[in-house]
Amino acid sequence: MLKRKDLLGLKDVTREEIEEILSTAEQMRKILDQNVKKTPHLQGKNVTTLFYENSTRTRTSFESAAKIMGANAINISASASSVSKGETLIDTGKNLDALLTDVIIIRHPMSGAPHLLAKNVRASVINAGDGLNEHPTQALLDIYTMKEKFGTLDGLKVVIAGDIKHSRVARSNIWGLRKLGASVTVCAPKTLLPACMEEMDVAVSCRLDECIRDANVVMGLRMQLERQQAGLFPSIAEYNAYYGLTAARLNLADSDAIVMHPGPVNRGVELTSEVADGEQSYILRQVTNGLAVRMALLFLLTRSKA
Ligand code: CP
């Protein structure tokens, strides 16, 4: 039984804990499939999203998950809070504790910010993306989607292509996928591949046309133009020519392969619209599964504190 107070990353989570989250998410997905939009799982709980960076999917799905399960859901944007007057993260957290918050979901540009917050508050903390470090709930929903499609992660060949250097999604996926027995290849230009990749027990490639062969899952990553230093790749057009996922490239993968992307998609950069909207695309399925995974996580974390 999941007994932790916080969910800060998949690096320190066990295979058994991941499996419990996935099986609980399966139950939540069944509830959603019955078009049930009110459950009592979080009745009387206060859930706060505290986002220091923009978000569409993560924040909305956490808020929806909390509301579906009967919690009081509150959103705080850093730009509209006393953070803009100089309040520290710890003071903000202590004030949320004082307001009887049960769960704080935080996104922050600094790696480690959720860990700092978790050490200083009574509330459970969920990392919704910290700097270049981790985005564990995105990886959990990605893994859930792969398991839903293929039944098991054992032996699955997953290619993660794109801006690996700046991707917290890639890091969390690698930790989770390796624990569940999938093989992972990361593919990018050398300048977008961080040095630590070999230590993470993944294959590394600079040639998408080669490593995509027989892949079961091809995950494109957003080119994070806002985090780029100059000169990491010559131009968007050249990047797209070598690393863009086109229908022709996708034909090299397994015939039953699926295409995934955490969003937001830069159409024409990492994926063509034909691929993003095609039959093999699971991008919107990921989003709905994200709701089920976040419902599961909110339930498990608050239950373990009861
Ligand atoms: N995948 C993801 O984190 O999307 P948002 O930035 O919209 O939350």
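**Close-up 1. Helix H5, residues 136-150, is largely enclosed by the rest of the structure, because 11 of its 15 residues are buried.** Buried here means under 20% relative accessible area, with exposed over 50% and partly exposed in between (1.4 Å probe, protein chains only). The buried residues run from Pro136, Thr137, Gln138, Ala139, Leu140 and Leu141 to Asp142, Ile143, Tyr144, Thr145 and Met146. Just after H5, look for Gly151, which takes a positive phi of about 85 degrees. Helices (H or I, at least four residues) and strands (E, at least two) are DSSP runs, numbered from the N terminus.

A word on the model: it is predicted, local features need pLDDT of at least 70, side-chain atom pairs count only at pLDDT 80 or more, and totals for chains, interfaces and linings use all residues. Residues are numbered from 1 along each chain as its sequence is written, and side-chain values use heavy atoms, with hydrogens and water left out.

**Close-up 2. Strand S1 (residues 46-51) is largely enclosed by the rest of the structure, since 6 of its 6 residues are buried.** In a regular strand the side chains alternate between the two faces of the sheet. Both faces of S1 are covered, with Asn46, Thr48 and Leu50 buried on one side and Val47, Thr49 and Phe51 buried on the other. S1 pairs in the parallel sense with strand S2 (residues 72-77) over 6 bridges; two strands pair if DSSP finds at least two bridges between them. Across to S2, Val47 stands opposite Ala73, and Thr48 stands opposite Ile74. S1 also runs parallel to strand S3 (residues 103-108), joined to S3 by 5 bridges. There, the bridge partner of Thr48 is Ile104.

**Close-up 3. S1, helix H2 (residues 57-68) and S2 make a right-handed β-α-β unit.** Right-handed means that, with the strands pointing away from the viewer, the path from the first strand over the helix to the second runs clockwise.

**Close-up 4. The largest pocket holds about 420 Å³ of space.** On a 1 Å grid over the protein atoms alone, a pocket is an open set of points with protein on both sides within 12 Å along at least five of seven lines, a cavity is a set where a 1.4 Å probe fits but cannot get out, and lining residues have an atom within 4 Å of a point. Of the 22 residues lining the largest pocket, Arg107, Arg168, Arg222, Gly263 and Pro264 lie nearest its centre. H2 and helix H6 (168-179) each supply at least two lining residues.

**Close-up 5. The second largest pocket has a volume of about 160 Å³.** Among its 15 lining residues, Arg57, Ser61, Val287, Thr288 and Leu291 lie nearest the centre. The largest share of this lining, 7 residues, comes from H11.

**Close-up 6. The largest cavity has a volume of about 50 Å³.** A search of the whole structure finds 1 cavity of 30 Å³ or more. Its lining includes Ala161, Leu208, Tyr239 and Glu270. Strand S8 (217-220) and helix H8 (236-243) are the elements that give two or more residues to the lining of the largest cavity, and S8 provides the largest share, 3 residues. A volume is the space filled by probe spheres set on the grid points, which are joined across faces, edges and corners.
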